[in-house]
Structure formats: structure tokens, C-alpha cells
Amino acid sequence: MTAETGHEDATSCDVLVVGGGPAGCSAGVFTARAGLETHIVEHRRSLLRKSAHLENYLGFPDGVRPQTFLEIARDHARTAGCTYETATVESVERTDGDAGRFRAATTDGVIDAAFVLVASWSDCSFLEAVGVETGIEEGGHVPIVEIDDDGRTSVEGIYAAGRLTDQHHQAIVNAGHGAHVALALVRDVRPSYYNDWVVPEGYYEAYDRAVPDGVEAIDHEERERRLERSRRTMRTYFAERPEE
Ligand SMILES: Cc1cc2nc3c(=O)[nH]c(=O)nc-3n(C[C@H](O)[C@H](O)[C@H](O)COP(=O)(O)OP(=O)(O)OC[C@H]3O[C@@H](n4cnc5c(N)ncnc54)[C@H](O)[C@@H]3O)c2cc1C
């Protein structure tokens, strides 16, 4: 799903994710795994860098260094198939009327996208030109993006997730919200999509069913290969590093 960008050097993708914090990376994992070409742009200023130690993210019983968590999150998005770029998004506009694609201008160039998923706490000023409805966070003063229950904004094709949509102030909540909104986008594009699951080979056959859209079935050898790869990968993040 790509289109003419109308700009020679533009990066073209299905989904542009603005923000590489918990919400943006999580969203990218789900859109990319669903086969949508996903490009993440962030300027590396996740709020999570301010945490001293992340202790309430399920899966890390003794907590995790926030910078390590963000590194894992970015690598996870890349492994899932996202491309990734460090830059600031300065504006988003429609390319050709209400049914058109979007063109985002960044500090480094131009990105053409069919959909935009914004997870950019606390900046949404770059959405002004395209007319996304915004508000103010409850009990605060920071701008937020108004969304429906599935993260759709007032502009068709633009979704928003994470703290920027006034979710609770915890990384796991924002990551979960990124996943929720990404899956809503996937189902808007691909209504037959069932679940992002990896199941043992034969699971659906036992129920006399075909493997549904979105599900991957893997055999024993492949399970073993993936287990070994995941062990190797996780060891690298938690090995002692002189710079820490
Ligand atoms: C002091 C402090 C301590 C905290 N401690 C914890 C804790 O212990 N546990 C916990 O669960 N939560 C903690 N939090 C909350 C946690 O940081 C947030 O809930 C979480 O980071 C929000 O995720 P997000 O992806 O929505 O936004 P962020 O993590 O802030 O990510 C936003 C992303 O958008 C990018 N961005 C913004 N504008 C642009 C733009 N124009 N162009 C390109 N990129 C852009 C940023 O670079 C960043 O990548 C803490 C927060 C603070 C302030």
C-alpha cells in the first residue's frame, strides 16, 4: 500500500507513528506485525527518561533502567518491521483533499503516509494545520488530542494514543493504549484481521478451522529457534555495561 508522494525525497509508508515512547513503539509493533509499512519518528525525549527506575511495568520484577526499557522498546519496534528515524515532526497536512494521504514535514525531510498515529506527549502543535481537535488535560494545562474510544481523532486517518490522549501517567498504560489504538487502525484497514497471535502448529486444525488472518502457526523446531533467539537477545540488554 504505497502511493505517489509528489515529493522526490519523501519517505513513503502506510502508517507514520509520531513518538517513540511506550505508546508509539507499542503501536508500531502491532501495525508492523499486521503488515502495514510503519515508520516511527521521534526526537528521543520520552517522558520516561525522567523516571529514576521503572518498577511497575509487568515483566520486570526488580524494575528496569528506563533508558534500557526505551532501547528495548525501540529495538522491538524495529524487529517487528518498523523503520525508525530520529527527527522532529513540524507539521502534518493532507496531500489531496479529505480522502487523501498525509504529508509530514520533519526537521530532516518529508514523510508521506496513508495514516498517522500520534503518540507525541506533550506536543500536538504540528497537527494544527490538518485541523485535529485538541483540548487540555484534565486538571492540568497541557494540550491533549481528543479521541473516540479506539483512538480515532476528529480527522479521518489520524489516530492518537498514549499520554497525549490523557491516559493515566504510567508507561504500561500508555503502551497498552498504543497497542489498542494500533489494532483499531489495523481493523479499520483490514476488517478480516483476527488476532496477532503465535500458536503451535495444529492448534486450529484440532478445531477443524483454518488459521485465521493475523495468526501465525509455528512448528516445534521454530519454537525452539525463537526461544534460543529470545534468550540471546535479552541477555545483551541486561549484561553489565561500563557506561551505566
Ligand atoms: C518524573 C517522572 C517519573 C515517572 N516515573 C514513572 C514510573 O516510575 N513508572 C511509570 O510507569 N511511569 C512513569 N512516568 C510516566 C511515563 O513516563 C509516561 O506514562 C510515559 O512515558 C508516557 O508514554 P508516551 O509514549 O505516551 O509518551 P512519551 O514516553 O513521553 O513519548 C513521547 C514521544 O514523542 C516524541 N515526540 C514528541 N513530540 C514530537 C515531535 N514533534 N516530533 C517527533 N517526536 C516527538 C518524544 O521524543 C517521545 O519519543 C514518569 C513520568 C515522570 C515525569
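Figure 1. A residue is buried if 20 or more other C-beta atoms lie within 10 Å of its own, exposed if 12 or fewer, and partly exposed in between, with C-beta atoms placed from the backbone. The structure is a predicted model: local features need pLDDT of at least 70, side-chain atom pairs count only at pLDDT 80 or more, and totals for chains, interfaces and linings use all residues. Residues are numbered from 1 along each chain as its sequence is written. In soluble globular proteins, nonpolar side chains tend to be buried together.

**Figure 2. Close-up of leucine 117 and its contacts.** Neighbours within four places in sequence are left aside. Leucine 117 then contacts Val15, Val17, Ala27, Tyr159, Ala161, Val181, Ala182 and Leu185. Two residues are in contact if their C-beta atoms, placed from the backbone, lie within 7 Å.

**Figure 3. Strand β1 (11-18) pairs with β6 (109-118) and with β2 (38-42).** Seven of the eight residues of β1 are buried, so the strand is mostly covered. β1 and β6 run parallel and are joined by seven bridges. Valine 15 has phenylalanine 115 as its bridge partner in β6. β1 and β2 also run parallel, joined by four bridges. Here leucine 16 stands opposite histidine 39 of β2. Two strands pair if DSSP finds at least two bridges between them. Helices (H or I, at least four residues) and strands (E, at least two) are DSSP runs, numbered from the N terminus.

**Figure 4. Helix α3 and the elements it packs against.** α3 has 19 residues. From first C-alpha to last it reaches 27 Å, close to the 27 Å expected at 1.5 Å a residue. The expected span is 1.5 Å times one less than the number of residues. Buried positions in α3 include Ala171, Asn174, Ala175, His177 and Gly178. Val181, Ala182, Leu183, Ala184, Leu185 and Val186 are buried too. The buried residues of α3 pack against β1, α1 (22-33), β6 and β9 (158-160).

**Figure 5. Helix α4 (residues 220-238) lies largely in the open.** Of its 19 residues, the number buried is zero. The 19 residues should span 27 Å, and the end C-alpha atoms of α4 are 28 Å apart, which agrees. Arginine 223 belongs to this helix. It is partly exposed, with 13 other C-beta atoms within 10 Å. Arginine 223 and tryptophan 121 are 102 residues apart in sequence and 37 Å apart in space, C-alpha to C-alpha. Tyrosine 237 is also in α4. Tyrosine 237 has 14 C-beta neighbours inside 10 Å and counts as partly exposed. Its C-alpha lies 9.0 Å from that of phenylalanine 69, across 168 residues of sequence. Beyond neighbours within four places in sequence, tyrosine 237 contacts Thr68, Glu71 and Ile72.

Figure 6. A cis peptide bond joins tryptophan 121 and serine 122, with omega about -5°. Serine 122 lies in the loop between β6 and β7 (134-136). Arginine 44 is not a glycine, yet its phi is positive, near 60°. Its loop runs between β2 and α2 (66-80). Arginine 44 has 12 C-beta neighbours inside 10 Å and counts as exposed. Aspartate 208 has a positive phi of about 60° although it is not a glycine. Aspartate 208 lies in the loop between β10 (197-200) and β11 (215-218). With 6 C-beta neighbours inside 10 Å, aspartate 208 counts as exposed.

**Figure 7. Domain 1 (11-189) and domain 2 (197-238) within the chain.** Domain bounds come from an automatic or database domain assignment. The C-alpha centres of the two domains lie 27 Å apart. The chain has four helices and 11 strands. Buried residues make up 34% of its 244 residues.
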